[in-house]
Amino acid sequence: MLAVTLPFGRARAQVAGEAMAASPFAPNAFIRIGTDDLVTVMIKHIEMGQGPYTGLATLVAEELDADWSQMRAEGAPANDALYANLAFGAQGTGGSTAMANSYMQMRKAGAAARAMLVAAAAAKWGVPDAEITVSAGIIAHEPSGQSSGFGALAQAASDQPIPEDPPVKTADQFVLIGTDRPRLDTVAKTDGTAQFTLDVYRDDMLTVVVAHPPMFGATVATMDDSAALAVRGVQMVRQIPSGVAVYATNTFAALKGRDALSITWDQSAAETRSSAQMMDDFSAAAAEGGITVEEDGDLSPLEKAAQVLEAEYRFPYLAHAPMEPLDAVIETKGGKAEMWFGSQFPTFDKPTVAKALGIAPEDVTINVLMAGGSFGRRAQGSAHLAAEAGEVAKAAGRDGAFKLVWTREDDVKGGYYRPMTVHRLRAGLDEQGRIVGWENTVANQSILMGTPMEPTLKGGPDATSYEGSSNLPYQFGARRIGWARMESPVSVLWWRSVGHTHTAYAVETFLDEVLAAAGQDAVQGRLDLLPLEASRERAVIEEAARMSGWSGPTRDGKGYGVAMVKSFGTYVAQVVEVEDRDGLPHVTRVWCAVDCGIAVNPNIIRAQMEGGIGYALGTALHSRITMAEGGMVQQSNFDDYPMLRIAEMPMVEVSIIASDVDPTGVGEPGVPPLGPALANAWRALTGKSQRSLPFDEVMS
């Protein structure tokens with residue numbers, strides 16, 4: 001890979017026949033250094049607000065000894081061979097793996113480029129490599145007084161041999177890693193030069209919107225498009241597998257044309273149950289125990305315990321609701337296709353588009369753009385957006401450019417939700433108040449089964465459905481975890497923190513009640529359940545307690561709750577302070593302790609914890625997708641699927657635990673502890689256990 005020179009981005013604009021001598025120095029697939037001293041890093045992970053442009057560029061800059069002001073970042077195109085996520089073996093972003101899988105890879109890339117620049121300087125100045133220093137983007141030979149920027153040596157460096165395994169710095173040599181760096185994408189996003197899918201315009205491009213079925217599993221029975229075609233600007237209407245597509249010269253015309261369609265839907269295979277009916281079915285399945293996915297010890301002490309506690313927790317479907325709804329631009333020409341969109345998993349999107357068009361995957365080019373949020377929404381397990389874009393282009397019956405646009409209503413009503421889930425838990429206490437048995441059964445739909453990633457399960461259960469309920473660090477004596485797989489045409493997908501978003505709530509709130517029944521403090525009780533070697537869990541709990549001045553669950557008319565969750569290799573504990581405002585919780589402060597290994601950019605880590613807390617709080621307070629009897633989704637936009645308001649956002653204090661362990665992710669782990677910490681604080685303050693979400697509306 002190090003031998004590849006890639007003409008990406010600005011390099012594509014070079015005129016045909018231009019000499020390679022004028023091309024940027026590209027020592028590997030990740031770095032380009034121009035004669036202007038600018039260092040552009042190709043980022044293999046989509047930038048959707050979580051910070052990989054900045055974080056991964058920091059790794060390169062550190063080993064390159066560049067000045068931060070000369071660093072730039074661009075999204076890498078779809079290319080599995082060069083840009084695979086080392087955690088997946090495929091190009092994609094998810095599971096908070098961007099930093100973890102790229103940490104050494106990007107550092108080695110930077111170190112290789114530095115070594116080649118040093119070798120070029122040594123050859124030019126006739127001095128030993130060992131006498132050359134590099135600092136803040138300046139290559140210097142102090143004994144002779146010679147110095148240079150990167151750009152003047154770029155061409156000569158490209159003639160140097162590429163190091164196979166260049167050495168990297170030790171932690172005590174870091175200059176940039178571990179310090180706050182301003183984000184590389186802030187200026188472009190502020191002045192409007194950042195390009196998102198909506199900003200892409202191709203010659204003679206048509207805008208396309210699709211009328212999707214109003215019930216999951218329904219299909220088109222009959223369609224009358226005469227009124228739609230009469231709308232000024234509408235060019236054509238086509239039936240595609242996912243619904244009816246309306247093509248127009250602008251978005252307004254496309255939407256008006258869609259409104260004018262007359263469609264009869266075949267509901268024979270549709271989901272017609274209401275949310276309440278589905279929840280009851282899920283509850284019944286959870287009560288039966290499901291299949292055993294984890295078992296440790298004999299549960300008979302639970303049955304004979306001095307006290308047995310039981311609880312059921314219900315979680316609704318949830319939409320992701322990123323600020324940028326789904327969209328994609330596709331252009332076909334001469335049996336090939338090029339796309340521009342925020343592709344979270346190009347590995348799956350590329351063959352999906354190719355299949356829809358009936359062409360080879362190598363004839364599809366995907367330009368990965370920044371995205372205005374995702375929270376899992378763009379990680380389509382069945383690549384449905386890419387498939388729909390391909391079907392739209394195919395159904396047009398001619399080459400051309402098409403911009404597929406989903407409205408907010410399309411997205412909220414369109415499925416690919418966090419799965420509806422029911423947890424049933426039991427725990428037994430002996431006469432000394434010790435937990436002697438723990439049982440948790442989870443009932444929900446599988447996310448991975450039936451998707452291109454199902455082979456990764458190797459015939460086993462879908463662990464993303466119950467992760468966080470299994471492999472707990474707490475010592476519960478005997479333990480059994482069960483999973484009941486539920487079936488429904490309602491489409492489900494990863495949602496920020498995946499299984500941990502509901503398992504953390506069920507486990508940490510039930511544990512709080514069990515500890516209270518045993519007469520134990522919420523913080524000390526958790527610490528007592530941790531083995532001595534679980535120092536990272538212990539450290540974040542102790543730090544969050546210290547930050548909050550923990551002295552118990554109530555003081556001064558406020559409630560305090562704690563929760564600790566390990567997700568995606570990162571340990572997070574949070575303490576929430578809550579007030580009772582007209583019967584609903586109002587969170588005033590959150591203290592968050594996080595151990596994510598080496599903190600590459602503390603500013604981004606704090607931002608991700610703060611953002612995760614806000615996202616989780618809004619969800620716990622307000623969010624739910626419900627279906628009326630007959631299967632119609634009742635929510636459509638932010639008026640009935642509200643986000644957290646700024647006045648509801650609490651003060652957040654984040655403490656990052658110092659570590660010398662390789663970094664893990666921070667995009668998702670800030671989410672899981674907030675909900676249970678809030679519920680624990682609310683129960684402490686009011687005596688009420690919140691066993692269904694959201695807080696502001698009971699499932700009906």
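## A quick tour of the chain

Of the 700 residues in the protein chain, 59% count as buried, where buried means under 20% relative accessible area with a 1.4 Å probe and protein chains only. Keep in mind that this is a predicted model, where local features need pLDDT of at least 70, side-chain atom pairs count only at pLDDT 80 or more, and totals for chains, interfaces and linings use all residues. Residues are numbered from 1 along each chain as its sequence is written, and side-chain values use heavy atoms, leaving out hydrogens and water.

**Overall build**
- You'll find 17 helices and 26 strands in the protein chain; these are DSSP runs numbered from the N terminus, with helices being H or I of at least four residues and strands being E of at least two.
- The C-alpha atoms fill a box of roughly 80 × 75 × 45 Å, taken along the principal axes.

- Seven strands make an open sheet in the order 10-11-8-18-15-16-17, with mixed pairing; two strands pair if DSSP finds at least two bridges between them.
- Its edges are strand 10 (234-240) and strand 17 (364-368), and each of them pairs on one side only.
- Strand 15 (residues 327-333) runs antiparallel to its partner, strand 16 (residues 336-341), over five bridges.
- Lys333 sits opposite Lys336 in strand 16.

**A helix across the sheet**
- Helix 10 (residues 346-357) lies across strand 15, strand 16 and strand 17, at about 140 degrees to strand 17.
- For that angle, axes are lines fitted to C-alpha atoms, for helices over the stretch in contact (heavy atoms within 4.5 Å), and angles run from 0 to 180 degrees between N-to-C directions.

Definitions and conventions: Buried < 20%, exposed > 50% of the residue type's maximum accessible area, 1.4 Å probe, protein only.
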